[in-house]
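Here is a short tour to read alongside the sequence and the 3D view. Please keep both open as you go.

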Amino acid sequence: NIYRKIAFSFIILTAALLGVILYFSFVKVTIKITPKAEGAAGNLIIDVYDVNKNPLLNKGAIEGAVDKIEVSETNSYPATGQEAVGEEVSGRVTIINNYNKNQPLVATTRLLSSDNKLFRLKNTVNVPAGGSIETDVYADKPSSDMAIAPTKFTIPGLWAGLQDQIYAESKEPMSYNSKVKKHILQSDIDSAIKDMREKLLAKAASAVNEKYGNYKKKIYRLDENSITMKVDGQADEEKDEFSAEMSGIVETVAFNTEQVIELSREKLSLSLSQGKELKEFDKRGLDFASFGLLP
């Protein structure tokens, strides 16, 4: 009986142990690890060599074009400074002669409107009998209220018996103008210089795109030390307009971006700390900040 109990106990313990072993054999735990993504950026200096001018300098250099293009531009600009020096009211009238004789009228002959506003002939005319003639007139005392609407004019210098047969009519309103004297402002010259620089860069862009159209990336800038500027006028000079001429040298670097992308990807990967790796590279983030030309 004792041995039987020991045997049964051993069998039970063995079965329990097998059950535990089987349990842990079928139970599993899945651990999911998600890497934390971080943004990274860096700077890279790349040498661009011109195959027609220089040998390959180092492993990090890329093939391209390096050039200096001379550009020039000439343009005219209005002077915006002005000083009022007088007023003028002018227009045109038709002088009608219903009399049987020609009627000569000298310059400055008076014409009086129906509301007693005085105008004068600008030129001497000879109005044919039974006909009419169109001519210029101006206000005797110019002011804004002399810009009257179309009306009929008498000629008070004629004999009273002729004034109803020889008279004038206007078909258009009289025009009021303020006479001004223009001069160049310093701001006009400054604006001209700014505009000329933009025109030079636009001309340079056209020349670079035409000459180096086989390259995907083209960078250019105006060499400040090469700029020459001539202005046909100076501040406060009395002129309606002035001309300006500018010339300079545009420094140009052209290359394809494939090698730049690969070098940038490699440089960024090496700059990461231990335990990190580059998952993806966004080439849209490439920014070509500046460049310098070696002599």
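## A hairpin and its neighbours

Strands β5 and β6 make a hairpin that leaves four residues between them, and Asn116 in the turn has a positive phi of about 65°. The model is a predicted one, in which local features need pLDDT of at least 70 and side-chain atom pairs count only at pLDDT 80 or more, while totals for chains, interfaces and linings use all residues. Residues are numbered from 1 along each chain as its sequence is written, and side-chain values use heavy atoms, with hydrogens and water left out. Helices (H or I, at least four residues) and strands (E, at least two) are DSSP runs, numbered from the N terminus.

Strand β8 is in turn joined to β3 by seven bridges, the two running antiparallel, with Gly91 opposite Val137.

## Helix α2 and its cover

Helix α2 covers residues 186-211, which makes 26 residues. From its first C-alpha to its last it reaches 37 Å, close to the 38 Å expected at 1.5 Å a residue; the expected span is 1.5 Å times one less than the number of residues.

The buried residues of the helix are Asp188, Ile189, Ala192, Met196, Leu200, Ala204, Ala205 and Val208. An α-helix has 3.6 residues a turn, so residues three or four places apart point the same way. The cover over the buried residues of α2 includes β2, β3 (81-97), β11 (175-183), β12 (217-222), β13 and β14.

## Glu73 and Pro78 in β2

Glu73 belongs to strand β2 (residues 62-78) and counts as buried, at 19% relative accessibility. Its side chain makes a polar contact of 3.0 Å with that of Lys203. A polar contact is a pair of N or O atoms within 3.5 Å; within protein, one must be able to donate a hydrogen and the other to accept it, and residues adjacent in sequence count only if both atoms are side-chain atoms. Setting aside residues up to four places away in sequence, Glu73 touches Met196, Lys199, Leu200, Lys203, Ala244, Glu245 and Met246, where contact means heavy atoms within 4.5 Å.

Pro78 lies in the strand β2 too, yet is exposed, with a relative accessible area of 53%. With residues up to four places away left out, Pro78 touches Asp188, Asp240, Glu241 and Phe242. Pro78 and Ser271 are 193 residues apart in sequence and 56 Å apart in space, C-alpha to C-alpha.

## Thr252 and the tyrosines

Is Thr252 buried or exposed? This residue of strand β14 is buried, with a relative accessible area of 1%. Beyond its neighbours within four places in sequence, Thr252 is in contact with Ala65, Val66, Asp67, Ile69, Val208, Tyr212, Ile219 and Tyr220.

The whole structure holds three aromatic pairs. In one of them, the ring centres of Tyr212 and Tyr215 are 6.5 Å apart and the planes lie at 55°, so the pair is tilted. Rings of Phe, Tyr and Trp (its six-membered ring) pair if their centres lie within 6.5 Å; planes under 30 degrees apart count as stacked, over 60 as edge-to-face and the rest as tilted. Tyr212 is buried at 10% relative accessibility, and Tyr215 is buried at 14%.

## Positive phi in two loops

Most residues other than glycine have a negative phi. Thr108, however, has a positive phi of about 80°; it sits in the loop between β4 (103-105) and β5 (110-113) and is partly exposed, at 41%. Asp236 has a positive phi near 75°, lies in the loop between β13 (228-231) and β14 (241-255) and is exposed, at 64%.

Definitions and conventions
Buried < 20%, exposed > 50% of the residue type's maximum accessible area, 1.4 Å probe, protein only. Pairing = 2+ DSSP bridges.
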